[in-house]
Amino acid sequence: MFARGSLMLRRSIVVVALFATAAGFVTVVLYAQVQPAAAVPAFARQYDLQCNACHTRPPRLNRFGEQFHMMGFQIPSASRPDGLLGSLKEDGPAKTLIDSLALRVVGGLFEYSESPRETEAKLESPHEVEFFIARPITPSLSLYAELEYQPNGIAFSRDRGFFNSGHTFGLGKEAFFMWNMGALLGAVGAPTMEMGGQTMVGRHGGFTMHGPMLMAGKVDPNTNFSYSTNRQMLLDTELEFEREPGKDRSEVHRLPIVPYAFASKFFGLFKNRGEREPQLVTDLVMYDTTGAPGADFHAMFNDVLLAQLGFLSENEGFNTYGMLRYDLLDRRELTFNVSVLLNWGFGVVRAPDPEEHHHPGGARLDRLRYGIAANLKWKALDVYGAVIIDRLYGLPGALRGDFDRAAAGLSVEVDYLAHEKVMLSGRFDQLWAGGLKDEELDGTVLSVQAKFYPWQNIAFFVRDSVNLRPFKEDNALRSWRNQLFVGIDWDF
Amino acid sequence: MRSRTLALLVGSGAFLALALWIARPPASLANGDKHDDDKGGHAHVPAPLEYADAHVPLGVWTDPAMITRGKEIYTTRCAVCHGDAGDGKGPAGVALPLMPSDFRDKAGVGEMRDNYWFWRVSEGGQVEPFRSKGSAMPPWKGELSVQDRWAVMAYQHTFSGHDGPHVPREHPESLAMGRDIYAMACVGCHGVEGRGDGSVGPTLSPRRAPQPRDFTTAEFKFRSTPSGQLPTTADLFRTLTEGVRSGGGAMTFGLYGHRIMPSFRHMPEEQRLEVIEYVKSLNPAFRERREISIVSIPAPPPVTSERVAQP
């Protein structure tokens, strides 16, 4: 009891300290700006731009924001020629530093969940507090790093072999540099042009290529995909687990609601053998990771075709991917793009033991992932969807009869800017699951959300998700019927 | 796992350092210099702002009377260097450090815009970057009227073998750089055809933020010309350089006055002019207007204590 009280106290102190730091940060920014331009994220401050120049509404990117991101967080064709040094000379060290920093507080504040077994309502602290350092260093090189604090972060306890929650702090989802390699190609003989400090390969009026851009470090490459999982209006919900009193064991009680198209999709897999950490069916994996060590190359050809290649470390193996996106250029307030993905994972998951399904076995499996996604933006409407198919290879013969090697997912999201301050969203997620046949269950979820932006960089949301499949108490994918969340998404 | 991540990061850093070290683009390949060498050093840079609005009337290029008049002038004043056949091999031109232009080079002529051509005829080789390259061409603005300069250009144009008027729709290659920049940086808001109908506009803040400009109409907000008229090239250049700030209203707490259109001040001046030439090509009225009147803004009245005290 005392130990629990002490833990609560420690968490409260940390939360209060963090918010005090955030308040101090805002004060410094307010003080540093001549105009009342305080509560804006790093890039908006650096480029003196409003959030909506790059976002339909944060965090969703509009067409200009996609180009800005693709070119390494630089205004297309208009990089600052002297980069960081120019900023230091012109703005001074203090403003340059402040303009490079940003904070995001995001997550649910209130949660209500309902199932035939129980009804639960609880107040929460925001799930994540993210601290960003982001800035172009030269016209060809940018840095982006994210530190993350989670007041109630859920992690698999490697030593004890069960899920646990606690406050966590460390490297966030992404930390990488992005480098325009066009000049390198020029050095080996390719024809190049300087476009506002950014080297472009090719000739005006003929073949042109922006990039290739190298993004290396801890990366999330799917921002360039037609359906970007880190740019959705509907946040992923949190994993819920139950720990039996007095026992060193916890059970996953409810899986997160994520866009199922990009989830792992298989029941009964493990991430590794030694730590026996399960690969949950809703984990975002492969190309659709929420951040993994790796290197990504992308380039845009003739302003309409984006190509992407890369590799990512994953569990005990790694995966490689190739992606192509075709863009229809904007006219009549409409833009459209379509992407295809081919993704191969080498030994990225571990099959269960053929005898003891709750233990990892000796076989590492390869995973093939492929699929198609599309995005249409027309007036106030933003529609994006994806169908992704996964298939496992290398399954032990003894498991063949018990294990379904193929799975698929469909996710479609519709965002509608009903008013300049109100974004309405709906998402349909369908999972055709694979994995152990005695566990596998398909899932279907419909989520709706209203997000209110009193200002461009602050949003409050109300979101409800409905399980459209029959309730199953003993399966964490369907152990609920309805979940309602009230939350905040605040960038400054 | 951690050591592998560390190794990956260190390896990436080492690769980056190596790449930065060797990634120095050869000067001969940067900024189209190689392309200029193909043309004997005649870089087709954008006309400076004072000549940017000096477009040649459409009918001049194919008007027989103008071409005849131009031939008379060309024969007496230009052929000595540019040659009777317009091949740049006139008797006085062969020894010059910068060879006179070859008007028979159809591709080279096609890349020249009319205002650039008019600038070259008017100022000759006494302006950069041609003076540094040793151009000996005299300026003709003091000796030839505007109409005479148009006439000589119309005659020079006939050497290229092109029959139609010398306008962007006939020579899209003259706008290639501007079009490339536009496609990358402007299309999202202003749309492919410049109608202000990109997909970004409707979500900017429909009720408060200024909407992307429709370049195909005469409705421009930021200009020094009277209401209802098109802006000058200098007006467009100023807007592109400064961006557009938005009051934003209640929607933009903490963001009041920040730009809704980015500033492109870091884009080289030449490239800003290139993209503006492309924007002007989306509206034929920019080439058809003959007179540009500038609204003069009177000097602000002196600040006196009486004026300050006025409610």
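Helices here are DSSP runs of H or I with at least four residues, strands are runs of E with at least two, and both are numbered from the N terminus. This is a predicted model, in which local features need pLDDT of at least 70 and side-chain atom pairs count only at pLDDT 80 or more, while totals for chains, interfaces and linings use all residues. To find your way, residues are numbered from 1 along each chain as its sequence is written, and chains are lettered from A and ligands numbered from 1 in the order in which they are written.

Stay with chain B for a moment. Of its 311 residues, 39% count as buried; buried means 20 or more other C-beta atoms within 10 Å of the residue's own, exposed means 12 or fewer, and partly exposed lies in between, with C-beta atoms placed from the backbone. Look at contacts in chain B between residues at least 6 apart in sequence, and 60% of them join residues at least 24 apart. A contact needs two C-beta atoms, placed from the backbone, within 7 Å.

**The two domains of chain B**

Where they meet, 11 residues of domain 1 of chain B are in contact with 11 residues of domain 2 of chain B. On the domain 1 side, α3 (49-52) and α5 of chain B each supply at least two residues. That side has 6 nonpolar, 2 polar and 3 charged residues. Here Ala, Val, Leu, Ile, Met, Phe, Trp, Tyr, Cys and Pro count as nonpolar, Asp, Glu, Lys and Arg as charged, and the others, Gly among them, as polar.

**Helix α7 of chain B**

Now select residues 146-158 of chain B, which form helix α7. How far apart are its end C-alpha atoms? They are 19 Å apart, which agrees with the 18 Å that its 13 residues should span at 1.5 Å a residue; the expected span is 1.5 Å times one less than the number of residues. Show side chains for the buried residues of α7(B), among them Trp150(B), Met153(B) and Tyr155(B). The buried residues of this helix pack against α4 (64-82), α5 (106-111) and α6 (114-123) of chain B.

**Over to chain A**

Select residues 63-70 of chain A, helix α3: 8 of the 8 residues are buried, so this helix is largely enclosed by the rest of the structure. Phe64(A), Phe68(A) and Met70(A) are among those buried residues. Just after α3(A), click on Gly72(A), which takes a positive phi of about 80 degrees.

Move on to Leu171(A) in strand β7 (residues 162-180) of chain A. Buried or partly exposed? Leu171(A) counts as partly exposed because it has 14 C-beta neighbours inside 10 Å. Leaving aside residues up to four places away in sequence, Leu171(A) touches Leu147(A) and Lys218(A).

Finish at an open sheet of 3 strands in chain A, with the order β13-β23-β20 and mixed pairing. Its edge strands are β13 (266-267) and β20 (403-404) of chain A, each pairing on one side only. Strands count as paired if DSSP finds at least two bridges between them. β13(A) and β23 (residues 434-436) of chain A pair in the parallel sense over 2 bridges. To see a bridge, select Phe267(A) and its partner in β23(A), Gly435(A).
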